[in-house]
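Here's a quick briefing to read alongside the structure. Have the model open while you go through it.

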Amino acid sequence: MRPFLERFAQSTQRKLLSLQEYFALGLKSLQFIFARPFYGQDLVQQMDEIGVKSLGIVLLTGFFTGMVLALQSSVQLKLFGMTAYIGTLVTASMIRELGPVLAGLMVAGRVGSGIAAQIGSMRVTEQIDALNTLGTDPIKKLVTPRVLAALIMLPVLTVINDFVGILGGNVIGSLLVKVPASTYWRTVWEAIAGGGFTFRYIPNDFIMGLTKPFVFGGLISITACYFGLNTTGGTEGVGIATTRTVVVSSILILIVDYFITQILLSVLSYG
Amino acid sequence: MAENRQGSDRRGEGRRGPRPTKVREAIRSELAEDAGDDEVVSTLRPPVVSLENVSLAFDRPILKNVSFDAMAGETICIVGESGTGKSTTLKLILRLLKPDEGRVLIDGEDITEISFEEALEIRQKMGMVFQGAALFDSMSVLENIAYPLREHTDLDEDEIEARVREKLEFVDLDPDQVMAQYPSELSGGMRKRVGIARGMANNPEIMLYDEPTSGLDPLTTATITKLIIKLQRELNVTSVVVSHDIRSVFRMASKVALLYDQRITFFGTPEEMSGSDDPYIRDFLGGL
């Protein structure tokens, strides 16, 4: 019994230490945003990598998600003769939930794995040590530009994802359910306005729809950098770091999504 | 520091093999050959690198009570079996690791308790050449060598390119041919030479080499060894070299430190080492 308890205590201690390191990395990377030198070129490169190069996959998932949402909701709404409200359902679902979560999951899979693999490879080939010996803080050089780029680009990708999703709903509404485009876009606006406003002009849906990807961007990039920097065991270790990044980021997105929703629903005056 | 041999007799027990006379003769003849050029620099100036009673342990003890000094312009070669803490010693000098006990001094300054930011400053005095060169994959040769200059100097791009060309020429590479290439396009020997060029880009007073000749063919090994000697002789750089290649070590070393059982069991000149009757040293030299 005693060895079991000792092992359990050691394992818990290790996990708590890892958690502490994770938060310390996140905090340090955010602090470095305001510290010189500023690696502007790296930031632009990462914005291209995280944002522009993820555009295709986000457009595709957003458009088809919007279409399938419209298709599914039309079946239910037809029962009540309310197919004109397809736009309301698609909009609320896309802006509040599916847009941010899907964009987050896509970026976690495509970009998170890439970051972990790249930094992990740099770790096992001593390039991180080389940065250190050349007088550069690897967190400032590698982590901060990636975190900042993800914080900026994930909300942008989510807005695009939301828009093409709603557009996809319009395509299905017009072609299959025969809802006129004017009616569709009127219900889209009604859905946004129905959520209420903060400071009179800012729709609550926009606040929720942009807060989530901002947080997800931070989670994905910090998780990827954390596992990348802690890679051990050569190329096999790089593979493990990559897998862990995708799994942990995806789970964190889903868990944190619930809590952000819960908090914002109680903070913002919905309805 | 005086020759340190404590514990070597004990460790030699049961390891007495045939006396490796051929190896030692080869080494002696090589030393005589080298002595024909310049004398290996060894002065009595204060130590540039100094380890004082350094101990370090991770899951198991790595180093125990290790001490040695590297004087200005000296080349200290650290040798020993695999896993004896040779590369760890370099990481302690770079302050990538902190000793559990003892002190590491660079130019007389104790770096044991300095902050991470101060360590980054101290590292600018040093150039490091990694075992696998550790060139940045995403950067060209020019960008790799220019990296420390862009980070820590106010040189303009023309001056940086001139410095990169100068360093590439020093390591016998054609700047016009290699500057635009990426590390993946270079051979192992070329990567090592670019690694040396990057390490010396900032004109450091200390150069550290981790297995600079490992995995290279004999001709390239000789080239890299000559390069390290050239760096020491022409620029009077203090070097600490970790190597398994005893032939190269005997050509470049001012002093040799032999690590065994977490301690330095021998510290002295190559001549003293090759003339030693210590069974473990004889065994070690013979084994190589």
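In chain B, strand β4 (residues 101-106) and β5(B) run antiparallel and are joined by 2 bridges. Helices and strands here are DSSP runs (H or I, at least four residues, for helices; E, at least two, for strands), numbered from the N terminus, and two strands pair if DSSP finds at least two bridges between them. Keep in mind that this is a predicted model, in which local features need pLDDT of at least 70, side-chain atom pairs count only at pLDDT 80 or more, and totals for chains, interfaces and linings use all residues. Residues are numbered from 1 along each chain as its sequence is written, chains are lettered from A and ligands numbered from 1 in the order in which they are written, and side-chain values use heavy atoms, with hydrogens and water left out.

**The four-stranded sheet of chain B**

- Ile106(B) sits opposite Glu109(B) of β5(B).
- β4(B) and β5(B) belong to an open sheet of 4 strands, ordered β2-β1-β4-β5 in chain B, with antiparallel pairing.
- At the edges you'll find β2 (61-71) and β5 (109-110) of chain B; each has a single partner strand, so one side of each lacks a neighbour in the sheet.

**The six-stranded sheet of chain B**

- Another open sheet of chain B has 6 strands in the order β6-β7-β8-β3-β9-β10, and its pairing is mixed.
- Its edge strands, β6 (126-129) and β10 (263-268) of chain B, each pair on one side only.
- From one strand to the next, the twist averages 15 degrees (axes are lines fitted to C-alpha atoms, for helices over the stretch in contact, and angles run from 0 to 180 degrees between N-to-C directions).
- Strand β3 (residues 75-80) of chain B has 6 of its 6 residues buried, so the rest of the structure largely encloses it (buried means under 20% relative accessible area, with a 1.4 Å probe and protein chains only).
- In a regular strand, side chains alternate between the two faces of the sheet.
- Both faces of β3(B) are covered, with Thr75(B), Cys77(B) and Val79(B) buried on one side and Ile76(B), Ile78(B) and Gly80(B) buried on the other.
- β3(B) pairs in the parallel sense with strand β8 (residues 238-242) of chain B over 4 bridges, and with strand β9 (residues 255-260) of chain B, also in the parallel sense, over 5 bridges.
- Thr75(B) stands opposite Ser239(B) in β8(B).
- Ile78(B) has Val242(B) as its bridge partner in β8(B) and stands opposite Ala257(B) in β9(B).

**Chain A**

- Chain A has 9 helices and 2 strands, running α-α-α-α-α-α-α-β-β-α-α from the N terminus on.
- The C-alpha trace of chain A spans about 65 × 55 × 40 Å along its principal axes.
- Of the 271 residues in chain A, 50% count as buried.
- Helix α4 (residues 86-124) and helix α6 (residues 138-175) of chain A pack at an angle of about 145 degrees, with their axes 8 Å apart.
- The contact of α4(A) with α6(A) has 15 nonpolar, 8 polar and 2 charged residues (Ala, Val, Leu, Ile, Met, Phe, Trp, Tyr, Cys and Pro count as nonpolar, Asp, Glu, Lys and Arg as charged, and the others, Gly among them, as polar).
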